[in-house]
Amino acid sequence: MKNFKPVTIMKNHVSIGYENDPMISMMERGLITKVGKGLFVISGVLVEIINKIDNLIRDLADTYHANYLLVPSNLSWDNAILSDYLASFENQAIGLKSLLHSSKDEYDGLASPTVCYHCFSALKNQIIEKNSIYTASSKCTRKEVGELNSLARLSNFTMREIIFLGSHQYCSSVRMKILESTYEIFSEILDIEFKICTATDPFFSSDSVLKGQAQLASESKYEIQALVPFNNTYVSVASFNYHGKIFFDRFNISSDSSELHFSGCAGWGLERLLYIILCQKGLDFSDSYYKSLLE
C-alpha cells in the first residue's frame with residue numbers, strides 16, 4: 001500500500017524584517033494578557049488587526065452571498081453524537097458539566113471544537129433544495145498539550161468558517177475558489193510568507209492512520225501554513241476541507257436531487273493570523289504596513 005505524505009502545493013515568499021518572538025513585548029505593553037493556560041485577552045490595536053482579518057474573510061463570503069449564522073460556543077450531546085466527534089478527536093474534547101451533578105458521567109455537552117457542526121445541526125432532518133453557503137465565527141475550545149504560552153496554540157480561539165453544501169461539483173469548485181481567494185488575501189493584503197499543503201486532521205482513534213492516508217490520497221484537506229521566522233517553524237492558519245456525503249448522512253440532511261448530498265468548509269484561525277503578522281512584520285504599529293492594513 002502506498003504511503004502518502006503531505007505535499008507542498010505552492011509557496012508565497014516575502015521579505016521578513018522581524019525575527020523576534022513578539023509575545024514578551026506585547027505582554028509588557030499590555031496588549032496581550034495571559035489569563036490561563038492557552039487563554040489570552042487581546043486589546044488595543046491588536047483587536048483592530050483581528051477585526052480587519054475577519055472583515056476580509058467576510059468580504060470573501062459576501063462574494064458568494066453567504067448566509068450569516070450566529071452559533072453557540074457549546075456543543076450539545078446530540079450534536080456531539082451526530083457529528084461523531086468523539087470517535088476521532090476524543091483527545092481534544094472538553095466536557096461541560098454542572099457542579100451540581102454528583103456523577104462524573106453526567107455532562108451537558110462539550111465545549112465546541114469547531115464552527116461547522118452547528119450549521120449541520122441546524123439543518124438536521126431538513127431538505128436541501130439548492131447549492132447553499134453559510135458563514136459564522138465563534139470561539140472554539142480544544143484540549144491542547146504543552147505550555148501554550150503564545151497565540152500559536154490556544155485552548156480557546158476564534159475561528160471564522162465558510163460552510164458550503166450542494167453538488168460535488170459545486171462544493172469542489174467553491175473550495176478551490178475560496179483557497180485561491182485566500183491566497184490572494186494573504187499574499188497581496190496581509191503580505192505574509194506561507195505555503196499551501198495537503199494535510200490531515202489530528203485523528204485520535206484506532207484507524208487514525210487509515211483516515212489520514214485517505215485524506216492525503218484524496219486531497220480532501222488543504223492547509224495554509226505560515227512561517228514563524230524566529231524559530232523557523234510553520235503554523236496552520238487556515239484549512240479547506242471537502243467532506244463528501246458524511247455530514248448529510250450523520251445529520252439526516254436530504255435532497256430531492258441525488259446530486260445535492262455533499263459539503264465542505266473553510267476555516268481561518270484569527271488569533272494565529274494575528275500572531276503570524278506580528279512575527280513577520282514586527283511591532284511598530286505606526287509604520288506603513290500597519291497603516292495600509294488598517295486604513
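View 1. Cys197 is buried, with a relative accessible area of 5%; buried means under 20% relative accessible area, computed with a 1.4 Å probe on protein chains only. Cys116, at 5% relative accessibility, also counts as buried.

**View 2. The contact of helices H2 and H9.** The axes of H2 (residues 45-62) and H9 (residues 270-281) come within 10 Å and cross at roughly 115 degrees. Axes are lines fitted to C-alpha atoms over the stretch in contact, with angles from 0 to 180 degrees between N-to-C directions; helices are DSSP runs (H or I) of at least four residues, numbered from the N terminus. Residues of H2, including Leu46 and Ile53, meet residues of H9, including Leu273 and Ile277.

**View 3. Leu190 in the largest nonpolar core.** A nonpolar core is a set of buried Ala, Val, Leu, Ile, Met, Phe, Trp, Tyr and Cys residues joined through side-chain atoms within 4.5 Å. Of the 64 residues in the largest one, Leu46, Phe186, Leu190 and Trp268 touch the most other members. H2 supplies the largest share of this core, nine residues.

**Notes.** Residues are numbered from 1 along each chain as its sequence is written. In this predicted model, local features need pLDDT of at least 70 and side-chain atom pairs count only at pLDDT 80 or more, while totals for chains, interfaces and linings use all residues; side-chain values use heavy atoms, leaving out hydrogens and water.

Key
Buried < 20%, exposed > 50% of the residue type's maximum accessible area, 1.4 Å probe, protein only. Helix = DSSP H or I, 4+ residues; strand = E, 2+ residues; numbered from the N terminus. Contact = heavy atoms within 4.5 Å.
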